[in-house]
Amino acid sequence: MAILGRVVIIIISLLIIVDIVSLKFFSYQFPWVLEISEYLLVFLTFLGVAWLLREDGHIKLDLLLNRLSEKNRMRMEILNSCIGAIISLVITVYGFLATWNLHMRDIKTETILEIPRSLLIVVIPVGFLFVFIQFIRNFLSAINKLKSRREKS
């Protein structure tokens with residue numbers, strides 16, 4: 001996902017550069033560049049969220065967590081991973097259902113390109129599917145840490 005996110009940033013940059021050069025030298029602006037850039041920024045957000053979770057880059061209540069013992073921190077991590085997995089699974093399932101609904105009804109955007117909305121929305125459940133997987137990985141990792149801590153005691 002991180003590599004795909006980098007590719008999206010490069011595409012956005014190239015589109016904007018081409019649009020600026022075209023406007024400056026040929027007095028022509030591509031009307032769809034802004035629209036595509038906006039869509040790609042949304043894609044970038046949902047592609048990067050699972051990577052950020054893996055890198056432990058999300059906001060935490062460190063003030064509270066630092067006051068807990070190591071054992072209780074692991075318990076909080078397990079609880080956090082369970083809640084996060086459930087929420088991301090719900091978003092994934094309902095996101096795929098909403099995407100399918102838009103696809104079946106052939107709903108298009110009301111913009112220059114008239115892109116099918118399902119193509120724009122599908123990134124949300126796909127992104128949250130990877131978030132769900134990462135929460136499960138975090139859950140299993142926290143369980144293993146708690147077990148190894150118990151075995152050492």
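How do α4 and α6 run relative to each other, roughly parallel or roughly antiparallel? I started with this pair. This is a predicted model, where local features need pLDDT of at least 70, side-chain atom pairs count only at pLDDT 80 or more, and totals for chains, interfaces and linings use all residues. Residues are numbered from 1 along each chain as its sequence is written, and side-chain values use heavy atoms, leaving out hydrogens and water.

**Entry 1: α4 and α6**

I looked up the axes of α4 and α6, which come within 8 Å and cross at roughly 160 degrees. Axes are lines fitted to C-alpha atoms, for helices over the stretch in contact, and angles run from 0 to 180 degrees between N-to-C directions. The two helices, α4 and α6, are therefore roughly antiparallel to each other. Angles under 35 degrees count as roughly parallel, over 145 as roughly antiparallel, 65 to 115 as roughly perpendicular and the rest as oblique. Helices (H or I, at least four residues) are DSSP runs, numbered from the N terminus. The crossing of α4 and α6 is left-handed, meaning the near helix is turned anticlockwise from the far one by less than a right angle.

**Entry 2: α1 and α2**

Next I took α1 (residues 2-26) and α2, which pack at about 165 degrees with axes 9 Å apart. So α1 and α2 are roughly antiparallel to each other. Their contact holds 15 nonpolar, 2 polar and 1 charged residues. Ala, Val, Leu, Ile, Met, Phe, Trp, Tyr, Cys and Pro count as nonpolar, Asp, Glu, Lys and Arg as charged, and the others, Gly among them, as polar. I also noted that α1 and α2 cross in a left-handed way.

**Entry 3: α2 and α6**

The axes of α2 and α6 come within 8 Å and cross at roughly 0 degrees. That makes α2 roughly parallel to α6. On the α2 side I found Phe43, Phe46 and Val49 among the contact residues, and on the α6 side Gly127, Phe128 and Val131 are included. Contact means heavy atoms within 4.5 Å. By class, this α2 and α6 contact has 12 nonpolar, 3 polar and 1 charged residues.

**Entry 4: Val49**

I then picked Val49, which sits in α2. What does Val49 touch, not counting residues up to four places away in sequence? Val49 touches His58, Gly127 and Val131. Val49 and Val131 are 82 residues apart in sequence and 6.9 Å apart in space, C-alpha to C-alpha.

**Entry 5: the largest pocket**

Last, I checked the largest pocket, with a volume of about 780 Å³. A pocket, on a 1 Å grid over the protein atoms alone, is an open set of points where a 1.4 Å probe fits, with protein on both sides within 12 Å along at least five of seven lines; lining residues have an atom within 4 Å of a point. Volume is the space filled by probe spheres set on the points, which are joined across faces, edges and corners. Of the 30 lining residues, Asp56, Lys60, Leu65, Glu77 and Asn80 are the closest to the centre. The largest share of the lining, 12 residues, comes from α4.
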